[in-house]
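Hi,

Here is the structure I wanted to pass on to you.

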Amino acid sequence: MQRKSVGNILLLVLTLCVACMWAFPLYWAVVTSIKPEQEVVTKTTFIPDVFNFSAYYFALFETNLASWYVNSLVTSITVTVVVILISVMCAYALSQIVFPGRRLLYGIILASFMVPSQALVVSQFVLMYRFGLINTWGGIILPQLIVPVVVIVYKQFFDSVPKELREAAKLDGCGDFQILFRLYLPLNWGITTALAIITYIMAWNAFLWPFLVTNSEEMMTVTVGITQVDDAFGVKYARDMAVAILAALPVALAYLLFQKRVTQALMLSSGIKG
Amino acid sequence: MTSERRTKTLTAVLMIAPFVITYLTVFAYPVYKMFALSFTDAPLIGDGRWIGFANYLKLLNQKLFFTSVWNTGYFVLLTVVPNTLVGLGLALMVVRLKGWLQSLALVLFFLPYILPVSVVTQIWEWVLDQQFGIAQYVIELFTGRRISVFRDPIWAMPMVALVTVWWTNGFNLLLFIAGLRNIPADYYEAAMLDGATRWQCFQRITWPLIWPVTALVLTLQLILQLKIFDQVYLMTEGGPFNSTYVLLQLVYREAFRLNHGGLGSAVAVFLFLIIVTVSMLQYQLLRVRGR
């Protein structure tokens, strides 16, 4: 027994060491961001002598970060709300209403899993151009609205709601829209928050599409915009790190606040029920 | 009776309409258009002439196409299996922790996964900076010199792969932990009573029971990593000497840089077909598992 507990402690220490090493680049980025630019390249200190926030001042007031934030917030929140709304209605119909073609529709949505959206960028770009949406919020948002997995997860959850519930509501004179928004959605509130948070994180983090569809710096999202800071000002690492940290903050906070929901949504979307 | 059915259908149509209309516009139509464009000599914006398979034949004569195929394969090789093994290894370590220590370890390992790609690449460009990067101490230890990793054709792709594993591993870790938690504890207790060693436990209990999750992670990774673009573009732009040029980057180059919408689409179709094939294999594999 004695040997075993020694082994356990060693394993515990090892795990924590690896975890700290894993997270070290993040720590290093934070430390770098609060050093004066000169100190960054002259000495390697793991704890800064003085806290210096000039890099953050630069990031906030001398770059376009503020407008990138607005663009990211508007587009990610819109994507999240619309994705949830159109998917939940579609899933409810697929799950609860018998209508011609519903098996076919479900099959098509399942099959869409296989389509890599990255391969569609050329034709989506042409389409957005025809709509006159290049370099607009609409252009950033539209192609991100189809997330088949949200429909599928919702359908599975609605399938498991007892049928009697819907029958009872019908007898009370509720229409399907009322049943969905007053009964089924509140019943599955947990899963809605999970899917919404993960959709928001994914939309905030999207790179390729916003990168292609925006061409003026004012219209870029945070994820795309921060890659421009380098080019304009030369490499200054404290600034770069401050910009990177500010760009990551909204998703890092969302994750830390809603850890359980984030992991639940990820497991659901990969087919393992959480 | 028929009128009731009609209202039912009408409600259903109203409910699916927003999704279906969006789907047809920004998803189904672009899929069709991708194929259609690939048979034309269209520029990025504007119409082109039908030229049959000429774009595809052109690809076969383009050295950069084969370089991209090769590099994409090389990247897949460098990431898929290592990322799965690292995920399993870390999960085995993390599940043994208890309480808040486990939560802490999980957060530390998972945090990179939710960061935007450009944040990840900026952090690593600083960590790996040739002159001042802190990782250069480690590199110097092994090679005796500092290396500008993203400007060295031998180091560039493995480093992009390393950063990718660091960035995406949290997700695999999560799936493995869920899988490991599903293994009943009495299996291990019974084995321990029979005097099984840790290695035997892993070999006889953990590995066979975790295999379905492993297969899932492997195939998800395969599909994901075939679509590599962002990290490569941000860290190396395909260089040095095209040593990190990948398929999606060829799509970007042909369509958006050289204004060859048709040829770019042909590359996209190629990538599309590979991924659909792999996805179908995955579907079959997971269905077999489900039985």
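Buried area here is the accessible area (1.4 Å probe) that two parts lose on being put together, summed over both. This is a predicted model, where local features need pLDDT of at least 70 and side-chain atom pairs pLDDT 80 or more, while totals for chains, interfaces and linings use all residues. Residues are numbered from 1 along each chain as its sequence is written, chains are lettered from A, and side-chain values use heavy atoms, without hydrogens or water.

First, the domains. Chain A is split into domain 1 (6–53) and domain 2 (58–269), with bounds from an automatic or database domain assignment. Their centres, taken over C-alpha atoms, are 33 Å apart. Each domain puts 7 residues into the contact (heavy atoms within 4.5 Å). Domain 1 and domain 2 of chain A bury about 560 Å² between them, with 73% of that on carbon and sulfur atoms. On the domain 1 side, A29(A), S33(A) and E37(A) supply 68% of the area buried against domain 2, more than any other three residues.

Now a helix pair. Helix 4 (residues 65–96) and helix 11 (residues 189–205) of chain A pack at about 140 degrees, axes 9 Å apart. Helices are DSSP runs (H or I, at least four residues), numbered from the N terminus; axes are lines fitted to C-alpha atoms over the stretch in contact, and angles run from 0 to 180 degrees between N-to-C directions. Among the residues making the contact are Y69(A) and V83(A) of helix 4 and T192(A) and W204(A) of helix 11.

Cheers

Definitions and conventions:
Helix = DSSP H or I, 4+ residues; strand = E, 2+ residues; numbered from the N terminus.
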